[in-house]
Amino acid sequence: MPAFPSPKSKAQNGTRKTLSAEAAAIQSSILHYLKYKMGRDSESATPRDWWIATATAVRDRMIERGLETYKAHRQGNVRRVYYLSLEYLIGRLMLNNVINLGLHEAIGEALEDVGQNFDRIRAQEEDMGLGNGGLGRLAACYLDSLSTMDLPAVGYGIHYEFGLFRQEFVNGHQIEHPDNWLIYGAPWELVRPEFTQPVRLFGRCEQVFDDQGNFTWRWVDTKTILGFPYDIPVAGYGTTTVNILRLWASKATEDFDLKVFNEGGYIEAVREKAYGETISKVLYPNDKTETGRELRLVQQYFFVTCSLRDIIRRHFSNPVNGWDNFADKQCIQLNDTHPALAIVELLRILLDEEGMVFDRAWDIVTHVFAYTNHTLMPEALEKWSIPLFQRVLPRHLRLVFQVNDHLMRLCEEKWPGDHEKKRVVSLIEEGGAKAVRMANLSVVGSFAVNGVAELHTRLLRAHLFPEFDDLYPGKFVNVTNGITPRRWLRACNPRLSALITARIGDGWPRDLDQLKKLEKWADDPGFQDEFMAIKRQNKVDLSAIIKRECGVEVSPDALFDVQIKRLHEYKRQHLNLLHIVALYRRLVQNPQLDVVPRVFVFAAKAAPGYDLAKAIIKSINAVAAHVNNDPRVNGRLKIAFLPNYRVSLAARIIPAADLSEQISTAGKEASGTGNMKLALNGALTIGTLDGANVEIREEVGDDNIFIFGQTVEEVEALRAEGYSPRSHYEQDEELRAVLDWLGSDYFVKGEPTNLPAMVRASLLEGGDPFMVLADFRSYSDAQLKVDAAYRDKRRWAKMAILNTARVGKFSSDRSIRDYADKIWKLRRVAVD
Ligand code: 26Q
């Protein structure tokens, strides 16, 4: 640490202020990095220089705690959990890190003292967008909770060079751009070349005799690349624990195909070398057109083998450890099936490298892994075609068959002669193109399988995996998702956080059930006024963002109606759109109509190859452009589709929301987590009985939520009897008019393609697979109830307060406690 002569420098206004010791120390550290890392002094530094210097100074403090944490875990030879996820949707780290480290005030002081502003500096940070949506954000929330609860954990993932695409709208159409988040450097991460791992791919299998005279398999003629780790420290809130997130980047080996090179194939050798760097280049968007891509399989294997070897290395770095206690000390959580190859890879290592017999190896494997399922939709379950699997991982494919033989014997014992049972549980899909079923592999290879909400887990057991539930009693458990209150209240909503702390003290960020204490002021007009004044101020802030990003002027006194999530048919953004068009029509047909002024806020990315999702975006934008500028509407209806939805934008929208749209077809949304963030910030939910909405209703009470639409049972019954969207179209005059209006060229006059007509067609000729039309009237009626509630300011305030007060259950700390108790059997480890 350099000696800076005076930690007390002059603020720009010329006044001198005495800094706290902590502020002085961090200021000295920031100025050091500004000079020796960025090559700047405070005069010449740009905001970006300040941000990197500040982040580096903060990182130093995390490294110190990280070393202590690692020491405590190693010395205790403690049981650890490894969270394997292809996605981490982290967003920005600066504010959360300084809050978790307890440095928020000191940093603000230190920067102000040199004429800088912390909020302006932290705005320089690029979002780390290494995920698609809910699943990736869940992984990020869980890391925060694992550290906060002092649980020994390592997150593993891929160091994508490009995260999820950046979205822009051109004439209302989504345009994708690469997300070059690393371009100005990534100051949080630490490179760890000493833990580089080799990764073998392709090649073929051959049988040879080993030293014991056994005929065994060898995987030969493989190509080798390298996995290069980057560590991101993850600090807990108000505790010393700093766990790490280790992300693997691929590199070519130096001697990559020297043979080709020496034979004069220079260009070919360089091309092959480039392949090595391609593997971690880009995050795949969750896109049905992208299924079955070889590079995606290679990514999965790459990350899985690097992580497993790292886990094994760490286990054996303690001489008292061996394979006998591997499953006692190490537990691996699979975030969906994306890392499920780990099951086969560990089996391969035990059989081929450690020379174990199958039964012992399989026994170890099946005591290490646990699997989280995030979807019931059959088309979203991962499958890999056998020829592709064979080409990339020939040895692993044989092992899949071997495990399948084992499974078939188990089935024969349980259901003698029942071939249908065997067909459905098999790891291999037969008939047509053969494929490996990754979900089945995950269930068979894990000691626990969990769904992510009560309803989801019930359907998982009853509909998706009934045979497995029979075969493995007790394997299926529920862990309802959660969100970290540090990011999703404390950091993103400082005004509400301050109000809450003033009333109930500062214990709530680590014990969210304490919010219940707010209930006693739900009817108190003074508290209601303060609560709603904060909501209004947050809406003023969001209005400025809407003006800047969409060019739309909105009033903070309108009801802010928010739907923010990936664009997908099952999430039914088009149901929301149909209601907006219906409202617009009522207004223009009856100009005196007394409606509650509303701002409809959307934010969503569509997968690049998902044409209907893109058509829905275009349709919302087209209706927005029209409605926002219709003088007859007189500002009572505004629609803002904010581009480039991402974590840092969510953090601005959520505190300003009055109404949270959670309107998926019942049975389709596994959980949802945006619903929890919005309720926590005092938005009321309008929603179906789907995913975690069911549990949100249980917590907040029937009077404080707007439930509509068909239940799962009703959806199933309707499907069984034959659903006819036409009949709804014919019987509901308004719905018919809205669909026909949308399907005309009215909103897209003069444009070459009519995408709203495509949306209409999907709902009629397309059969309306997500039953939008069946739920339209019930949704529209529920929206009338929302209006009535909003008109009564006292009633609304009470409902909003009770939402905040009653959603403590959805803290990710509770989820992690559930995982630790029910699945991981993991204990807290105090770090000095
Ligand atoms: C698959 C194959 C190829 C490329 C990408 C993918 C892929 C990537 C991401 C498939 C799925 C995902 C993400 C799924 C996801 O986010 N699911 C959501 O998980 C949340 C956390 O549990 C739930 O709250 C949501 O209900 C669920 O939709």
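Q: How enclosed is strand E12 (residues 242-252), and what counts as buried?
A: Buried means under 20% relative accessible area, exposed means over 50%, and partly exposed lies in between, using a 1.4 Å probe and protein chains only. Strands (E, at least two residues) and helices (H or I, at least four) are DSSP runs, numbered from the N terminus. In E12, nine of the eleven residues are buried, so the strand is largely enclosed by the rest of the structure. Keep in mind that this is a predicted model: local features need pLDDT of at least 70, side-chain atom pairs count only at pLDDT 80 or more, and totals for chains, interfaces and linings use all residues. Residues are numbered from 1 along each chain as its sequence is written, and side-chain values use heavy atoms, with hydrogens and water left out.

Q: Which strands pair with E12, and in what sense?
A: Two strands pair if DSSP finds at least two bridges between them. Strand E4 (residues 153-158) runs parallel to E12, over five bridges. There, Gly155 stands opposite Leu245. Strand E11 (residues 223-235) pairs with E12 in the antiparallel sense, over eleven bridges. Tyr230 has Leu247 of E12 as its bridge partner.

Q: What lies between E11 and E12?
A: The two strands form a hairpin, with six residues between them. Gly238 sits in the turn and has a positive phi of about 65 degrees.

Q: What is the order of the six-strand open sheet?
A: The order is E22-E21-E20-E23-E24-E25, and the pairing is parallel. E22 (637-641) and E25 (706-707) are the edge strands, each pairing on one side only. Two bridges join E24 (residues 684-687) to E25. Ile686 has Phe706 in E25 as its bridge partner. Helix H22 (residues 573-589) packs on this sheet, touching E20 (559-564), E21 (598-603), E22 and E23 (659-662). The direction of H22 makes about 155 degrees with that of E21.

Q: How does the span of helix H11 (residues 341-353) compare with the expected one?
A: The expected span is 1.5 Å times one less than the number of residues. H11 has 13 residues and reaches 17 Å from its first C-alpha to its last, close to the 18 Å expected. The helix is mostly covered, with eleven of its 13 residues buried. Among them are Leu341, Glu345 and Arg348. Just after H11, Gly355 takes a positive phi of about 65 degrees.

Q: Where do the buried residues of helix H27 (residues 712-721) fall around its axis?
A: Take the directions from the helix axis to the C-beta atoms; the arc is that of these directions. Val712, Val715 and Leu718 are buried in H27. The buried residues fall within an arc of 130 degrees, so they line one face of the helix. They pack against helix H17 (454-464) and helix H31 (772-791). The face turned away from the buried side carries the exposed residues Ala720 and Glu721. Just after H27 comes Gly722, with a positive phi of about 100 degrees.

Q: How many disulfides does a search of the whole structure find?
A: A disulfide is a covalent bond between the sulfur atoms of two cysteines. The cut-off is a pair of cysteine sulfur atoms within 2.5 Å. The search finds zero. For Cys492, the nearest cysteine sulfur is that of Cys141, 11 Å away. Cys492 is buried, with a relative accessible area of 13%. Cys306 also counts as buried, at 0%.

Q: Where is His177 found, and which residues does it contact?
A: His177 is in strand E6 (residues 173-177). Its relative accessible area is 23%, so it is partly exposed. Leaving aside neighbours within four places in sequence, His177 is in contact with Phe165, Arg166 and Glu168. His177 and Gln167 are ten residues apart in sequence and 6.4 Å apart in space, C-alpha to C-alpha.

Definitions and conventions. Contact means heavy atoms within 4.5 Å. Axes are lines fitted to C-alpha atoms, for helices over the stretch in contact, and angles run from 0 to 180 degrees between N-to-C directions.
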